[in-house]
Every structure is written in structure tokens, then in C-alpha cells.
Amino acid sequence: MATAPVDDLACQELVEIVTNYLEGALSDAERARFDAHLEVCEGCRRYLDQMRTTIRVVGSLTEEDLDPGAKDQLLQLFRAWNRT
Ligand SMILES: [Zn+2]
């Protein structure tokens with residue numbers, strides 16, 4: 001089933017844990033939830049793609065590299081994606 005409604009809260013959670021996801025640091029349950037959200041949320045899939053590209057470019061990305069301002073910017077960015 002891939003018909004779960006997409007809500008902002010889930011998207012925000014995804015942004016919070018995306019670095020852990022990419023580092024393989026999530027628990028199985030968290031990762032399953034993350035993947036399930038990706039199934040239904042185009043904006044987050046694009047966001048994840050962008051994060052992967054960023055990591056390739058800069059070599060690595062850790063939580064410490066993301067200052068709060070940058071995080072807010074990313075969140076607004078993909079909210080805009082979700083609206084299109
Ligand atoms: Zn989402």
C-alpha cells in the first residue's frame with residue numbers, strides 16, 4: 001500500500017533524519033518509515049536525490065555541517081517542491 005497521505009510533519013521528520021539515513025544510522029523501523037514516506041512523497045525523493053548529490057560533491061555531510069539556517073532553507077526548498 002502506497003496511499004498514505006503526505007503531511008508536512010512527516011516531511012519535516014525526514015529532513016531531520018536524512019543524514020542518519022544516508023549514513024545508514026537509522027534503526028530498521030525508522031528506515032522502513034523513511035522508505036515508506038519516500039514511496040508517496042515526490043518532494044522528499046527529490047530532496048534525498050539532492051542530498052546524495054551534495055554529499056558526492058562535498059565528500060561528506062554530517063549533522064554538524066548543517067547549521068540551523070541551512071536546515072530551514074532546505075525545508076522551505078522542498079516544501080516548495082511539494083506544492084508543485
Ligand atoms: Zn515528504
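**A tour of the zinc site and helix α2**

The structure holds 0 disulfides (a disulfide is a pair of cysteine sulfur atoms within 2.5 Å). This is a predicted model, where local features need pLDDT of at least 70, side-chain atom pairs count only at pLDDT 80 or more, and totals for chains, interfaces and linings use all residues. Residues are numbered from 1 along each chain as its sequence is written, and side-chain values use heavy atoms, with hydrogens and water left out.

Select the zinc ion. C11 (SG), H37 (NE2), C41 (SG) and C44 (SG) coordinate the zinc ion at 2.0 to 2.3 Å. Donors are N, O and S atoms within 2.8 Å of the metal (3.2 Å for Na, K and Ca); water is not among the atoms, so sites may look incomplete. Along the chain, the donors of the zinc ion are spaced C-x25-H-x3-C-x2-C.

Check the angles next. The 4 donor atoms make angles of 106 to 113 degrees, and the site is tetrahedral (four donors, all angles between 85 and 135 degrees).

Now show C11. C11 is buried, at a relative accessible area of 2%. Buried means under 20% relative accessible area, exposed over 50%, partly exposed in between (1.4 Å probe, protein chains only). Move to C44: buried, at 0%.

Select residues 28-40, helix α2. Helices are DSSP runs (H or I, at least four residues), numbered from the N terminus. Colour F34, H37 and L38: these residues of α2 are buried. They cover an arc of only 105 degrees around the axis, so they sit on the same side of α2. The arc is that of the directions from the helix axis to the C-beta atoms. Turn to the other side of α2: D28, A29, R33 and E39 are exposed there.

Definitions and conventions: Four donors count as tetrahedral if all angles lie between 85 and 135 degrees; four count as square planar and six as octahedral if opposite donors are over 155 degrees apart and all others between 65 and 115; anything else is irregular. Helices (H or I, at least four residues) and strands (E, at least two) are DSSP runs, numbered from the N terminus. The expected span of a helix is 1.5 Å times one less than its number of residues.
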